[in-house]
Amino acid sequence: MKVLKRYGALYVMMAPVIAYFLVFAYYPLVKGLQTSFQNYRLMGDRPYVGFTNYSDVLHDSTFWDAMVNTLVIGGGILLFSFAAPLVIALSLNEVLRTWYKKIAQMILYVPHLLSWVVVGGIWIFLLSPDSGLVNMVLVHVFHRTPFNFLADASWARWIMILLATWKEMGYTCILFLAGIVSINPSLYEAARMDGATRWQQLIRVTLPQLGNTMKVVFLLNTLGILRIFDEVFVLRNPTIATKVDVLMMYTFQKGILDIKLGPASAASFFVLLLTLALTLVVRRVTRFDEV
Amino acid sequence: MSDRFERLGWKNKTFDTLNALFLLALMLTMLIPFINVLALSFSSGVASMQPDIVLWPKAFSAEGYSIVWKSLDIWRPLMNSVIVTVIGTALHVMLSSLAGYVFIYPRLPGRKIMLTFVLITMMVPQEAIMIPLYVVNKDLHLINTLTALVLSGLVSGFSILLMRSFFLNVPYEMAESAKIDGAGEFRIFLTMYMRLAAAGLATVVLFEFVGRWNMFTAPVMFINDTMKYTLQVALKAMIIDTNSNSGTYMITTNVRMAGIIISIIPLMAVYPFVQKYFMKGILLGASKE
């Protein structure tokens with residue numbers, strides 16, 4: 001009673017949030033698990049069917065195509081979205097003129113603010129064979145024939161990887177820059193006293209000191225792998241679909257377009273399990289918890 | 001900083017020049033597409049369809065904007081987006097700060113359970129429960145309503161923790177002494193904490209504003225009535241799906257580009273503030289993961 005009097009208002013403040021999470025986070029989770037074991041129809045009864053949905057998904061070659069695409073595209077994004085911002089952050093850090101550094105940071109960050117519809121729309125146009133800027137440069141400057149980048153299966157995955165890197169590098173770069181700024185300046189002083197060159201300072205001081213930031217960035221990027229959806233949804237077309245349709249796309253098609261909610265839920269749970277497994281592996285491998 | 005490079009030899013100078021050029025090249029990959037889009041949006045329909053390198057409007061005209069606004073009725077999805085963004089952001093900030101405030105009381109009974117409850121939701125990606133979320137929205141008769149979009153991501157563990165870390169910077173003794181003076185919890189929250197953590201509030205508002213304006217997965221799932229389309233979905237239909245077959249209306253390039261420009265104006269308008277607050281927020285957020 002005393003507790004209620006002292007803290008009652010706080011529980012009232014917390015109540016809407018708890019209610020929200022119950023209805024829109026926990027309940028769907030349980031409901032999804034239940035659905036994955038049901039022959040879920042919109043009308044009529046919904047008999048339990050054991051692991052049928054799961055085995056259906058596992059025997060669906062489209063699912064495995066999606067899995068491969070997710071791992072290839074996600075792995076590529078993971079690698080490039082880690083390396084590119086790191087290089088840029090190091091490069092920015094070497095810029096001596098503050099105004100140039102500020103402008104560069106400001107411009108590089110912009111694509112992160114835009115939606116995939118806008119970024120995708122812009123690049124679909126830039127890469128289009130009939131009047132896109134990239135092809136116009138190829139034609140007018142290099143005298144080549146126009147090339148339809150987005151309708152070529154061998155380019156498709158690369159385009160997904162490179163565009164995602166292009167969009168997010170300015171954002172991730174900030175995390176690295178913040179890590180660099182917080183490095184103890186006396187380390188550089190000591191290095192210089194020992195006659196270290198700029199290059200040596202970068203290799204021997206900056207990079208090792210960035211270890212923790214790298215772990216955070218790597219973990220954040222890993223979590224993103226299985227969530228790739230907007231980009232593919234916007235940039236895909238029938239010609240390249242088999243090369244770029246990721247797991248989320250598979251779930252979406254199964255669940256929303258084909259209205260097969262049972263198998264779609266089963267697929268969702270595979271994704272969820274994979275996410276948790278990946279997180280654990282990355283945490284273990286990078287010794288994240290020892291940060 | 002300056003004494004760091006006191007021995008500026010030719011090697012250093014060459015490096016600095018190459019480094020600056022490298023960054024310039026990267027910036028150009030962002031600037032040139034943008035200039036191209038802007039220039040095309042102000043070109044006439046015919047001129048915008050001709051194959052050419054366009055970095056300045058050809059046959060200057062604003063017809064792209066008038067077509068996208070009047071004939072394609074882009075104001076409707078725009079209004080839907082404004083409604084969802086404004087209401088959603090306001091509610092999100094309110095609920096997240098309420099919860100964030102609760103978590104600054106270290107001796108609150110049940111605090112640990114509630115915190116775990118919130119943290120678990122952060123481990124489950126929205127995408128993984130997309131299908132059951134669709135079912136929940138269907139059961140609540142929310143499919144094809146803007147309410148479904150407002151409710152999507154209405155609170156997030158991320159924002160709660162972010163607000164909490166801003167509130168923790170407000171001296172705890174202030175709340176204690178106010179309480180001794182007989183002020184209630186709600187009053188302390190509203191008059192002291194919300195005011196003193198204004199920077200934190202701005203951060204969450206901006207994050208949420210940008211996120212909701214760009215929200216795409218939720219409207220794709222929950223909305224199929226074109227009257228309820230948000231700007232992003234309408235844009236996708238207009239600039240991407242019509243690429244090969246233009247349907248009844250011939251959508252020229254300048255119209256598509258005008259649509260893109262209209263959709264990014266609000267983002268560019270808040271960008272200066274984003275610069276100011278995002279960095280702090282990103283860093284606080286990242287350190288919490």
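This is a predicted model: local features need pLDDT of at least 70, side-chain atom pairs count only at pLDDT 80 or more; totals for chains, interfaces and linings use all residues.

Trainee: Let's start between the chains. What makes Arg227(A) and Glu127(B) a salt bridge?

Mentor: The cut-off is 4 Å between a side-chain nitrogen of Lys or Arg and a carboxyl oxygen of Asp or Glu. For Arg227(A) and Glu127(B) the closest N and O atoms are 3.0 Å apart, so the pair is within that cut-off. The count between chain B and chain A is 2 salt bridges.

Trainee: And which helix gives the largest share of the side of chain B that touches chain A?

Mentor: That's helix α1 of chain B, residues 10-41, with 18 residues. In total the contact takes 103 residues from chain B and 93 from chain A.

Trainee: How many residue pairs are in polar contact across the interface?

Mentor: The rule finds 16, with both residues at pLDDT 80 or more. As for area, about 8,800 Å² is buried between the two chains, and carbon and sulfur atoms give 77% of it.

Trainee: How many salt bridges does the structure hold over all chains?

Mentor: There are 8. One to look at is Glu94(A) with Arg198(A), at 3.1 Å from N to O.

Trainee: Why say that the pair Glu94(A) and Arg198(A) ties parts together?

Mentor: Because Glu94(A) sits in helix α3 (residues 61-94) of chain A and Arg198(A) in helix α9 (residues 198-209) of chain A, the pair links parts 104 residues apart in sequence.

Trainee: Next, what makes the nonpolar surface patch?

Mentor: Its members include Val141(A), Phe142(A), Leu18(B), Ile32(B) and Leu55(B), and the patch is about 900 Å². To be counted, a residue needs over 30% relative accessible area, and nonpolar side chains are joined within 5 Å. Val141(A) itself is in the loop between α6 (133-140) and α7 (153-181) of chain A.

Trainee: How do you know which parts are called "transmembrane region"?

Mentor: That name comes from the record: the unreviewed UniProt entry lists, among others, residues 142-167 and 255-274 of chain B. Residues 255-274 of chain B are 100% helix, with end C-alpha atoms 29 Å apart. Residues 142-167 of chain B are 65% helix, with ends 35 Å apart.

Trainee: What about chain A, residues 261-282?

Mentor: UniProt lists that span too, again in an unreviewed entry. The model has it as 100% helix and 0% strand, with end C-alpha atoms 31 Å apart.

Key
Residues are numbered from 1 along each chain as its sequence is written. Chains are lettered from A and ligands numbered from 1 in the order in which they are written. Side-chain values use heavy atoms; hydrogens and water are left out. UniProt positions are given in the numbering used here, feature names are shortened, and annotations may be inferred rather than shown by experiment. Helices (H or I, at least four residues) and strands (E, at least two) are DSSP runs, numbered from the N terminus. Patches are made of residues with over 30% relative accessible area and no salt bridge: like charges are joined within 9 Å, nonpolar side chains (Val, Leu, Ile, Met, Phe, Trp, Tyr) within 5 Å. Accessible areas come from the Shrake-Rupley method with a 1.4 Å probe; for residues, only the protein chains shown count as cover. Contact means heavy atoms within 4.5 Å. Buried area is the accessible area (1.4 Å probe) that two parts lose on being put together, summed over both. A polar contact is a pair of N or O atoms within 3.5 Å; within protein, one must be able to donate a hydrogen and the other to accept it, and residues adjacent in sequence count only if both atoms are side-chain atoms.
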